[in-house]
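Got the sequence and the fold open side by side?

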Amino acid sequence: MTAPTMRAWQVRKPGPMATRPLVRAVVPVPEPGPGELLVEVRACGVCRTDLHVTEGDLPVHRPSVIPGHEVVGEVVQIGPGLGARSGTRFAVGDLVGIAWLRHTCGECRYCLRGHENLCPRSRYTGWDADGGYAEFATVPEDFALRLPDGYSDTELAPLLCAGIIGYRALARADLRPGGRLGIYGFGGSAHLTAQVALARGAEVHVMTRGGRARDLALALGAASVQGAADPPPVPLDSAILFAPVGELVLPAMAALDRGGTLSIAGIHLTDIPVLNYQRHLFQERQMRSVTSNTRTDAQEFLDFAAEHRLQVSNPQYRLDQADEALGDLSAGRIAGAAVLVG
């Protein structure tokens, strides 16, 4: 009997998008392992981390990996051991989300203190294991996510990384109630994070390139928009850097008020130029990185999305246009969070 196959995209040789590192492929449908679910993909978000994997900004963890970690799909098969396990969370036919964090050890000091995002043995969808730029994908049931009602599949997909990591970045920014938040870069994650901050009463100022991104920021309620490195009109209590551009750390730090915090949201950042202590760090300004997220972060954000209807800008591409979608993301032609369908 011939094994079933599926359409997929693989990163055969990471490099700039102009070198066409993303290659179409027909591969076997994966078999769910013990404790895993097989999911038929309905939609998969196009995340900047996918671009970093494809272009080689991140080291290769799985040769010819299928990228994609913002996956919305239907459970079509239960892996060995789950059917008999008490407390099984999902059944065939359920809609689930597959996100970036795929595995943690549960035993190290980081996991035991609730910081599983720092687990040295963590593994990630679309980097360590094949992801959602395909017709089917697997996920450990313990890391599959329940999704909020009231959203379409294509609206749900960006919530699974862009939304979740932005939520953690906002927490790391330590924004005071009603405070002034600066957002540097305004793509898929930023446009969702801005809405969370606004719903909590923040005053949001956006620094970004591109007319469409600025228009989107204003439409969502930003108090001001300006160029990526331009100073905001007021001192900032907190800021989040979403653009993977180390040079923006300096203007972002300089824009902070006394005691302000800059949260750097990306998994990859180009080199940061030399900081000037008096201009950028003195008066208790601080800088924090963001490393993945915990499952608690994910659930808190998805619960927030269930209670507060977020506007999701989700330009759509067909699955066979995945390379085009990543090319548009690389060139800054996408406002919001692109999604692959069909």
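First, some ground rules. This is a predicted model, in which local features need pLDDT of at least 70 and side-chain atom pairs count only at pLDDT 80 or more, while totals for chains, interfaces and linings use all residues. Residues are numbered from 1 along each chain as its sequence is written, and side-chain values use heavy atoms, with hydrogens and water left out.

**The whole chain**

Helices (H or I, at least four residues) and strands (E, at least two) are DSSP runs, numbered from the N terminus. Along the principal axes, the C-alpha atoms fill a box of roughly 70 × 45 × 35 Å.

Of the 342 residues, 55% count as buried. Buried means under 20% relative accessible area, exposed means over 50%, and partly exposed is in between (1.4 Å probe, protein chains only).

How much of the contact count comes from residues 24 or more positions apart? Among contacts with a separation of 6 or more, such pairs account for 70%. A contact here means heavy atoms within 4.5 Å.

As for charge, there are 32 positive and 36 negative side chains, and the centres of the two sets lie 4 Å apart. Lys and Arg count as positive and Asp and Glu as negative, leaving out His and the chain ends. Each charge is placed at NZ of Lys, CZ of Arg, CG of Asp or CD of Glu.

**The cores**

A nonpolar core is a set of buried Ala, Val, Leu, Ile, Met, Phe, Trp, Tyr and Cys residues joined through side-chain atoms within 4.5 Å. The largest one has 46 residues, and Leu-37, Val-46, Tyr-133, Leu-326 and Leu-340 touch the most other members. Elements giving it two or more residues include strand E1 (5–11), strand E2 (22–28), helix H1 (48–55) and helix H9 (322–330). The largest share, five residues, comes from E3. Apart from this core lies another, of 45 residues, including Ile-183, Ala-194, Ala-213 and Leu-216.

Leaving aside neighbours within four places in sequence, Leu-340 has contacts that include Arg-42, Val-46, Tyr-133, Tyr-317 and Ala-325.

**Helix H9**

Is H9 mostly buried or exposed? Seven of its nine residues are buried, so H9 is largely enclosed by the rest of the structure. Among them are Ala-322, Asp-323, Leu-326 and Asp-328. The buried residues of H9 pack against E1, E2, H1, strand E15 (316–318) and strand E16 (339–341). Just after H9, Gly-332 takes a positive phi of about 75°.

**Partly exposed residues**

| Residue | Location | Relative accessible area |
|---|---|---|
| Arg-12 | loop between E1 and E2 | 44% |
| Asp-303 | helix H8 | 38% |
| Glu-324 | helix H9 | 40% |

Arg-12 touches Pro-21, Val-23, Arg-24, Ala-25 and Ser-64, not counting residues up to four places away in sequence. Its C-alpha atom is 9.3 Å from that of Ile-66, 54 residues apart along the chain. Glu-324 and Arg-20 are 304 residues apart along the chain, with 10.0 Å between their C-alpha atoms. Asp-303 and Asp-320 are 17 residues apart in sequence and 32 Å apart in space, C-alpha to C-alpha.

Most residues other than glycine have a negative phi. Glu-284 has a phi near 60°, a positive value, and lies in the loop between helix H7 (277–281) and strand E14 (286–289). Ser-292 has a positive phi of about 50° and lies in the loop between E14 and helix H8 (295–307). Which of them is buried or exposed? Glu-284 is exposed, at 66% relative accessible area, whereas Ser-292 counts as buried at 8%.
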